[in-house]
Amino acid sequence: MGKKFISVILVVLPFILMLGALPFANRIEPIILGLPFLHFWLFLGMLLTPICTYVFYRLQKSEGSIE
């Protein structure tokens, strides 16, 4: 896999996680870490979005696209 493909995945993943899959995660059961599943899903999205953004930034910087 090329860096361009990984970059596209890193940009699209938070969007799919927060909006595309949200109707499927809209339920209470199971309880994960004391949170209903929907709250856990949104919390997971809040953690993964900055990580994806940082990795995307580092990939772009290593290619020389960002100075």
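1. Helix axes are lines fitted to C-alpha atoms over the stretch in contact, and the angle between two of them runs from 0 to 180 degrees between N-to-C directions. In this predicted model, helix 1 (residues 3–20) packs against helix 3 (residues 37–63) at an angle of about 160°, and their axes lie 9 Å apart.

2. How are helix 1 and helix 3 oriented to each other, roughly parallel or roughly antiparallel? Angles over 145 degrees count as roughly antiparallel; helix 1 and helix 3 are therefore roughly antiparallel to each other. The crossing of helix 1 with helix 3 is left-handed. Sorted by class, the residues in the contact between helix 1 and helix 3 comprise 15 nonpolar, five polar and two charged ones.

3. Two residues illustrate this pairing. Ser7 belongs to helix 1, and Gln60 to helix 3. Their C-alpha atoms are 8.2 Å apart in space, although 53 residues separate Gln60 and Ser7 in sequence. When neighbours within four places in sequence are set aside, Ser7 is in contact with Phe56, Leu59 and Gln60.

4. Are Ser7 and Gln60 buried or exposed? A residue counts as buried under 20% relative accessible area. Ser7 has a relative accessible area of 6% and is therefore buried. Gln60 also counts as buried, because its relative accessibility is 15%.

5. The largest nonpolar core consists of five residues, namely Leu17, Ala21, Ala25, Phe37 and Trp41. One of these core residues, Phe37, touches Ala25, Arg27, Ile28, Glu29, Pro30 and Ile32, with residues up to four places away in sequence not counted.

Methods: Residues numbered from 1 in each chain as written. Predicted model: local features only at pLDDT ≥ 70, side-chain atom pairs only at ≥ 80, totals over all residues. Heavy atoms only, no water. Helix = DSSP H or I, 4+ residues; strand = E, 2+ residues; numbered from the N terminus. Parallel < 35°, antiparallel > 145°, perpendicular 65-115°, else oblique. Left-handed = near helix turned anticlockwise from the far one by under 90°. Nonpolar A, V, L, I, M, F, W, Y, C, P; charged D, E, K, R; others polar. Buried < 20%, exposed > 50% of the residue type's maximum accessible area, 1.4 Å probe, protein only. Core = buried A, V, L, I, M, F, W, Y, C linked by side-chain atoms within 4.5 Å. Contact = heavy atoms within 4.5 Å.
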